[in-house]
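Let's take a walk through this structure together, one piece at a time. Have the 3D view ready and follow along.

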Amino acid sequence: MAWSNRRDVPEPHRGERPMDRAGRPDRRALLAGGLVSAMAALAGCSSTRAASPATGASPETRPTTPAAAFARLMEGNKRWVSGDLQHPDRDPNRRQLVAQQQEPFGAILSCIDSRVPPELLFDTGLGALYVMRTGGEAVGPVVTGSVEYGPMTSDTPLIVVLGHQRCGAVEAAYKSLRDDKPLPGNLQAIVKALQPAYEQAVREGGGDPVETMARAQVKLTAADLRSNQDLAPLVGKGALAVVGAYYSLDTGKVEVLAGAPS
């Protein structure tokens, strides 16, 4: 059987002349053309949205001084306390903008406690903060190096050591040291790291020794970072501030304990 390249042409409708069909646009062609135009328009919109993060500026301009960075954090905390949240820089555009490069304006060393997420309680978004979280803000070489990373590589102007109310890690360490009963496994490393704060709390006394110890841990850690041989020169020339702060689980408010930049 021989194959033919001829396409079947439909017969004209009754009463219709060939020239009528030839002179009138084919409906299928119109529909196809319309679909192509619509797809092109959608593609144009999509490419515009995709390109905007690469060319547009971040909605939140990065603070470059310790005072400006600290003010940004505290403004965010006020919104957290009041419930008037902005949720800045938490969309796909922001995700694309920071995908290749980051310049966080703050570094936060806080507790692992599930009720104290820095990005939420300071109402920040993607690319705003370096965050380190350890039990009771316990520090060691790796943690200290992680805290140093932002100021030493990205000109991050602010470090905040953030303790909090009713800290379970601090309470466990306090009881372990008071009763001379080591905790199991690597939990004992946290106890050892918090021992200076325990000793200070014992010296100070007070009605709630666990809260006293938690606040002491913040102040001691912030002071150690502030005098760190690598960070001290940045602090000395005003390029970096190390703030000790305390978070209330009851109110959501961050209280400054030491080191607020002026």
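Helix H9 (209–226) lies across S1, S3, S4 and S5, and its direction makes an angle of about 170 degrees with S4. Keep in mind that this is a predicted model. Another helix to find is H6, which lies across S1, S2 and S3 and runs at about 175 degrees to S2.

Now turn to the strands themselves. Five of them make an open sheet with mixed pairing, in the order S2-S1-S3-S4-S5. Strands of a sheet pair through backbone hydrogen bonds, either parallel or antiparallel. S2 and S5 stand at the edges with a single partner strand each, so one side of each has no neighbour in the sheet. From one strand to the next, the twist averages 25 degrees. For a look at one pair, S3 and S4 run parallel and are joined by 7 bridges; Val161 stands opposite Gly244 in S4.

Which residues have the most contacts inside the largest nonpolar core? They are Val147, Ile159, Val170, Met213 and Leu225, in a core of 32 residues. Strands S1, S2, S3 and S4 are among the elements that give two or more residues to this core, and so are helices H6, H7, H8 and H9. H9, where we began, supplies the largest share, 7 residues.

Leaving aside residues up to four places away in sequence, Ile159 touches Ala107, Val147, Pro151, Leu225, Leu231, Leu240, Ala241, Val242 and Val243. There is also a second, separate core of 19 residues, including Ala69, Ile108, Leu162 and Ala241.

Technical notes. Residues are numbered from 1 along each chain as its sequence is written. This is a predicted model: local features need pLDDT of at least 70, side-chain atom pairs count only at pLDDT 80 or more; totals for chains, interfaces and linings use all residues. Side-chain values use heavy atoms; hydrogens and water are left out. A nonpolar core is a set of buried Ala, Val, Leu, Ile, Met, Phe, Trp, Tyr and Cys residues joined through side-chain atoms within 4.5 Å. Buried means under 20% relative accessible area, exposed over 50%, partly exposed in between (1.4 Å probe, protein chains only). Helices (H or I, at least four residues) and strands (E, at least two) are DSSP runs, numbered from the N terminus. Contact means heavy atoms within 4.5 Å. Two strands pair if DSSP finds at least two bridges between them. Axes are lines fitted to C-alpha atoms, for helices over the stretch in contact, and angles run from 0 to 180 degrees between N-to-C directions.
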